[in-house]
Amino acid sequence: MGLHQVAAALVAPGKGILAADESIATMSRRLEAVGVVPSADTRRDYRRLLLTTPGLDSWVSGIILCDETLGQDLPGGTTFGEGAAAFGIMAGIKVDKGVTPLPFADGGLVTEGLDGLRGRLEAYRERGAVFAKWRAVLSPAGLHRRTVHANAHALARYAALCQEAGIVPIVEPEVLMDGGHGLAVCRAATASALGAVFAELDAMGVDPRGIVLKPNMIISGTQHEDQARPAEVARETLHVLSATVPPAVPGIAFLSGGQSNEQACANLAAINARAATDGAPPWRLTFSFGRALVSDALRTWHGVAANAEEAQNRLAANCRRAGEASKGPVTAAAGA
Ligand code: 5MM
């Protein structure tokens, strides 16, 4: 499949992307939090549980893995890349190398990982990756224009290198939901970030038909006293996307950002419901959730093999709800 076909397949109707690409440090913290001693083996066992969930391909088009997992095996000796393909799920790879403080940017962060990326992409493609992911991390309060610019530029250089290698880039500028800010601050920061990202993508010659955008929804900061309801989230999110995302982009796959599965799915359903009411949107609107899909499964499993089946049931239920939300409203709460 070419870039356009892979991008379209990632956002196929009723399907989304499972983000299971926590870095070794993040995954280790999450395992420790549920009482599992972190190691290469326990990180592999947990990712095996996720990928071998029966029926996962009914709702999941692609799974994002990290470098460590892509080099590990499933039971029987096939690699995660081969295993995903055998299950009908496309394998993706997180290629960024995390964040570092940006000088003269009031504490803003920039994502690193461009050095040597051309060679790494070649190697990842040989190991079965057909798409990639790079995440920029933006704090909305006091967001400096240098932070916006540096991250947009890095995302665009990453995306161009991916397309050159025949790999679909997932472009993820994440405006964090942590903090006491309200909806308007999230909206302004997201509009600024997306505007800069698409200007840089264009400047770098990136084909918008061969990317998937992975943004945050426009939601209230977690500590804000007034939490926006799904109808407001939908209105504000679509307003910003319509103003910034070219119609040629095939799909927008939202991150969950710390929302529960119920919250994230209610918001996604409301976004799709409103988009349908406003007139057919040019892009598919779906999910690329991490925590909103996997947190229940991780807690249920907590390293005990006998809990694996129940943990997979929890993952399947969360993916099914997200898949339904990507088609439109699923609960009475959606659109409330
Ligand atoms: C799964 O976590 C991804 C990797 O995070 P680190 O590099 O910090 O370990 C992360 O990029 C994730 O894909 C996004 O944050 C979306 O996940 P959520 O949980 O916000 O949907």
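User: Where is the place of S28?

Analyst: S28 belongs to helix 2, residues 24-33; helices (H or I, at least four residues) and strands (E, at least two) are DSSP runs, numbered from the N terminus. This is a predicted model, in which local features need pLDDT of at least 70 and side-chain atom pairs count only at pLDDT 80 or more, while totals for chains, interfaces and linings use all residues. Residues are numbered from 1 along each chain as its sequence is written, and side-chain values use heavy atoms, with hydrogens and water left out.

User: Does S28 count as buried or exposed, and why?

Analyst: Buried means under 20% relative accessible area, exposed over 50%, and partly exposed in between, with a 1.4 Å probe and protein chains only. S28 counts as buried because its relative accessibility is 12%. Contact means heavy atoms within 4.5 Å; leaving out residues up to four places away in sequence, S28 touches P38 and R43.

User: Which residues does L213 touch?

Analyst: L213 is part of strand 8, residues 212-213, and is buried because its relative accessible area is 0%. With residues up to four places away in sequence set aside, L213 touches V171, P173, L194, F198, L241, V245, G251, I252 and A253.

User: How is R235 classed, and why?

Analyst: R235 is partly exposed because its relative accessible area is 38%. R235 is in helix 9, residues 230-244.

User: How do I read the length of helix 7?

Analyst: The expected span of a helix is 1.5 Å times one less than its number of residues. Helix 7 covers residues 145-164, which is 20 residues, and runs 29 Å from first C-alpha to last, close to the expected 28 Å. After helix 7 comes G166, with a positive phi near 80 degrees.

User: Which residues of helix 7 are buried?

Analyst: An α-helix has 3.6 residues a turn, so residues three or four places apart point the same way. In helix 7 the buried residues are T147, V148, N151, A152, A154, L155, A156, Y158, A159, L161, C162 and Q163. Their cover includes helix 1 (3-10), strand 5 (109-111), helix 6 (117-126), strand 6 (129-138), strand 7 (168-175) and helix 8 (183-203).

User: What order do the strands of the open sheet have?

Analyst: Two strands pair if DSSP finds at least two bridges between them. The open sheet has eight strands in the order 1-2-3-6-7-8-9-10, with parallel pairing. Strand 1 (16-19) and strand 10 (284-287) are at the edges with a single partner strand each, so one side of each has no neighbour in the sheet. Within the sheet, strand 3 (residues 90-94) pairs with strand 6 in the parallel sense over four bridges, and A91 has A129 of strand 6 as its bridge partner.

User: What lies 2.8 Å from an oxygen atom of the ligand?

Analyst: A polar contact is a pair of N or O atoms within 3.5 Å; within protein, one must be able to donate a hydrogen and the other to accept it, and residues adjacent in sequence count only if both atoms are side-chain atoms. A backbone N or O atom of S23 is 2.8 Å from a ligand oxygen. A polar side-chain atom of K94 lies 2.9 Å from an oxygen atom of the ligand, and for a side-chain N or O atom of S256 the distance is 2.5 Å. The ligand taken alone exposes 510 Å², of which the protein buries 89%; these areas come from the Shrake-Rupley method with a 1.4 Å probe, and for residues only the protein chains shown count as cover.

User: What does the side chain of S220 reach at 3.2 Å?

Analyst: The side chain of S220 reaches the backbone oxygen of D226 at that distance, and one of its polar atoms lies 2.8 Å from the backbone nitrogen of A228. S220 is in the loop between strand 8 and helix 9 and counts as buried because its relative accessibility is 3%.
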